[in-house]
Amino acid sequence: MKRIVLAAGLVILVFGLAILAQTQTESVEQKLIKLENERAEAVVKRDAAVVMGRGTLEADRVYVNGTIYTVDKAFSKASAMAVKDGRFIFVGDEAGAKAYMGPLTLVFDLKGHTVIPGLHDAHVHIQYGETTLHPRTPDIRANLGEWASVKRMQEVIKRCLATGEGMRPGPEPRWLVLSGWMSDVWDPPAFRKELIDAVAPDNPVHILRSSHGSGANSKALELAGITRDTPDPPGGHILKDKNGEPTGEFVEHPPAQLTRLIPPLPPMTDFEISRNLVEGTQLAVASGLTTIHGASMTDYEEVQRRIKLYEVGLLRIRINEMVSKDAAKKLGKPLNFNNKYFVRSVKAFADGALGSRGALLLKEYSDLPGYFGEATQSEDALARSATELLKIGFNMRTHCIGDAANRVAINAYERALKATGTDGKKARFALEHCQVLSPEDIPRLAKLGIVASMQPQHATEDMHFAESRLGPERIKYAYIWRTLLDLGVVIATGTDYPSPTPYNPFYTLHAAVTRRDRDNNPPGGWFPKQAMTREEALRAATMGGAYVMFAEDILGSIEVGKLADFVVIPVDYMTIPAEDIWKIEPEMTVIGGEIVYTRRTS
Ligand SMILES: [Zn+2]
């Protein structure tokens, strides 16, 4: 008996050990096979459920434990959301989200962090902007967004003359061309050719303002034969000192006798253009942008190039393009490539910029008597284009800075609406910048359904010189976000990158809410009554952009049915101190449910 018990005990022991050994030695491969089988079973179950009409709401991803600002009509908050096939299928709380969790759902713990809808930049110059990544014309700003000083400019010029950087090809003396010049915050703010002469007496030098004006040294003026007697070029103005001598500064277009002497850069290669676009938009995504509106009158060929980049998956951000009128006519109707690439708008210009005094004013400049700025298109021409484009489904978006330019565009839009019998809300014409309005024109925006596409940082950059250009009365009607919002005008916000601002949407939100620069000056804000609330600023940076591109049904907020574009940020935008809003850095950017940028390590 004892032997039998012992034998049985031994058998059990051996058997047990064998089982133990087997589980211990299960290989990684076996484990993977097991997981694969489980997964396959789950897929079969899910598909069966789908076939039977159940389980169609199983999410790809469910996000829980977040502070989600949906930016829906009521500006409601949520703590969980579910995404399937690139769209939101649920927005609410954890209990509700459970219903969307299936075996294949990836549940993502937001750990209390904040989620806002994907941000729009409603006005960027992408193809110029990206060239700052691989500059061919050196920039005289130390960094994007930092102002140049005379000293800084002189240092860069000295360096370029020594190294050959920025020197154009051609016979001696070779031309040096630089970009990014802004003299408005210099002390004193005036440009004079002698400031360049001091470091470049022998080479001609031409420095470009963002896009609206330039400056040259004495050598450049001498070679071009520009003297006190040279008349203004068409669409430009040669600034002269009180003795009638040219100062070296040109408003808007410089004289052709100067520009034709400058050897052009060789054209960029296809590779360079595509690389700049892809890299630049990836940086935009990392700053929390999910849609950008290109404001550079993109031509037909460039539209085709961009479609190809989308086709091969190299472009991930959404773009709404403001193309040239010719491109729109060649396309014949608006374009939508996979809800990623939209060509819905046409860019036009009514004037120049305020800093360079190119903005068109109804009354003379307060700091340049007898001068009114530059008109770049007549009201008749704008009205004709707006009408023509409206008929084929494009909305015109016109660059307007001065009160006279804004009036010209508003009149033109009004005529186009009348001529076609269109409701303004359907046409959605836009004023790009919309900086200075005449009091009589302000209510017309609301009446005609015109969108104000504005750049909050323009106010906090222009505050150094705007009042001297406009005087104490007109300044009250400049950068008037509050007034426009109170009238029910839709504002879409952006940066006008790269002139002169980086396309960081949190800089935009900060300026919109505080009316202060990133040093938080002036302490009380510049004309603080015109500030937006945080809710309004976020709405303008999301729904505002979606609206002006006719995409408010699919973009701009976190609502069921919309494309899943959102940004996760580590702090609560609605409650952190206002002065810190510009410091917010996204942890994750998601476009159409796809994570396109992440900084999260946990
Ligand atoms: Zn612009």
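Student: How many bridges join strand 4 to strand 5, and do they run parallel or antiparallel?
Tutor: Five bridges join strand 4 (residues 80–84) to strand 5, and the two run antiparallel. Strands here are DSSP runs of E with at least two residues, helices are runs of H or I with at least four residues, and both are numbered from the N terminus. Two strands pair if DSSP finds at least two bridges between them. This is a predicted model: local features need pLDDT of at least 70, side-chain atom pairs count only at pLDDT 80 or more, and totals for chains, interfaces and linings use all residues. Residues are numbered from 1 along each chain as its sequence is written, and side-chain values use heavy atoms, with hydrogens and water left out.
Student: What stands opposite Met-81?
Tutor: Val-91 in strand 5.
Student: What order do the strands of the open sheet have?
Tutor: The four strands are ordered 5-4-1-6, with mixed pairing. Strand 5 (87–92) and strand 6 (106–109) are at the edges with a single partner strand each, so one side of each has no neighbour in the sheet.
Student: New topic. Which protein donors does the zinc ion have?
Tutor: His-123 (NE2), His-125 (NE2) and Asp-496 (OD), at 2.1 to 2.2 Å. Donors are N, O and S atoms within 2.8 Å of the metal (3.2 Å for Na, K and Ca); water is not among the atoms, so sites may look incomplete.
Student: Where do His-123 and Asp-496 lie?
Tutor: His-123 is in strand 8 (residues 119–124), and Asp-496 is in the loop between strand 21 (491–493) and helix 19 (505–514), so the pair ties together parts 373 residues apart in sequence.
Student: Is His-123 buried or exposed?
Tutor: His-123 is buried, at 0% relative accessibility. Buried means under 20% relative accessible area, exposed over 50%, partly exposed in between (1.4 Å probe, protein chains only). Asp-496 is buried too, with a relative accessible area of 9%.
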